[in-house]
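I opened a new notebook page for this one. Below is what I looked up, in the order I got to it.

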Amino acid sequence: MKKKILVSATACFMAMSVNAQVLFPTPDLYDTDMMSMYINAARETARVRLDNFMYYYDKAVNAYNGQQWNNVIYYAKKAFETDYEDGQLYFMRGVAYERQGYVKEAKKDYKTALKQGYREAQKALEYLEAKRK
């Protein structure tokens, strides 16, 4: 009896799977129109992300020049959420953290800036180390 139920259930499942594929065909991923659509969507997404990064980067620079440390931190965070990075922006956020007394966060951002090739971060790290002693 169990065997009949198992065979019946398997047959029903297979029949439903075949019907589902006939009623709802899967898209052909090698269809050039479909691939072109995906590529264009990816390009547009990347362009929007870069535009957003530049917008927040500019806002962070203006806040840095105006010594608005909370805004520097906020706009740098928003810029990094776009998945783009910049050593100078990490450095500026590190300065903002340092000016607000968040030495641990400042040191972390200075190290990241240095890893990304922003050499001025080395001086800031040395200053923090000397200040700590």
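Predicted model: local features only at pLDDT ≥ 70, side-chain atom pairs only at ≥ 80, totals over all residues.

I started at Val 103, which counts as partly exposed because its relative accessibility is 39%. This residue lies in helix H5, which covers residues 103-115.

**Helix H3**

I then went to helix H3, residues 69-80, and checked its span. Its twelve residues reach 17 Å from first C-alpha to last, close to the 16 Å expected at 1.5 Å a residue. Which residues of H3 are buried? I got Trp 69, Val 72, Ile 73, Tyr 75, Ala 76, Ala 79 and Phe 80. What do they pack against? The buried residues of H3 pack against helix H2 (32-65) and helix H4 (87-99).

**Arg 93**

Over in helix H4 I picked out Arg 93. Is Arg 93 buried or exposed? I put it down as buried, because its relative accessibility is 13% and the cut-off for buried is under 20%. I listed its contacts too, leaving aside neighbours within four places in sequence: Arg 93 touches Val 72, Ile 73, Ala 76, Lys 77, Phe 80 and Asp 109. Val 72, Ile 73, Ala 76 and Phe 80 were already on my list of buried H3 residues.

**Aromatic rings**

How many aromatic pairs does the structure hold? I have ten in my notes. One I looked up is Phe 53 with Tyr 57: the ring centres are 5.8 Å apart and the planes sit at 35°, so I call the pair tilted. Phe 53 and Tyr 57 are four residues apart in helix H2, so about one helical turn separates them. Both Phe 53 and Tyr 57 are buried.

Then I took Tyr 74 and Tyr 75, whose ring centres are 5.2 Å apart with planes at 70°, so this pair is edge-to-face. Tyr 74 is partly exposed, at 44% relative accessibility, whereas Tyr 75 is among the buried residues of H3. I also found that ring pairs link Tyr 55, Tyr 56, Tyr 74 and Tyr 75 into a cluster.

**Salt bridges**

Searching the whole structure gave me six salt bridges. I wrote up some of them.

- Lys 78 and Glu 81 meet through their side chains, at 3.6 Å from N to O. I have Lys 78 as partly exposed at 25% relative accessibility, and Glu 81 as partly exposed at 45%.
- Glu 129 and Lys 107 form a salt bridge at 2.8 Å, N to O. Glu 129 lies in helix H6 (residues 120-132) and Lys 107 in helix H5, so the pair ties together parts 22 residues apart in sequence. Glu 129 is partly exposed, with a relative accessible area of 26%, but Lys 107 is buried at 17%.
- Salt bridges that share partners join Glu 44, Arg 47 and Asp 51 into one network. Within it, Glu 44 bridges to Arg 47, with the closest N and O atoms 2.6 Å apart. Glu 44 and Arg 47 both lie in helix H2, three residues apart, or about one turn of the helix. I noted both as partly exposed: Glu 44 has 38% relative accessibility and Arg 47 has a relative accessible area of 42%.

Conventions. Residues numbered from 1 in each chain as written. Heavy atoms only, no water. Helix = DSSP H or I, 4+ residues; strand = E, 2+ residues; numbered from the N terminus. Expected span 1.5 Å × (residues − 1). Buried < 20%, exposed > 50% of the residue type's maximum accessible area, 1.4 Å probe, protein only. Contact = heavy atoms within 4.5 Å. Phe/Tyr/Trp six-rings, centres within 6.5 Å; stacked < 30°, edge-to-face > 60°. Salt bridge = Lys/Arg side-chain N within 4 Å of Asp/Glu carboxyl O.
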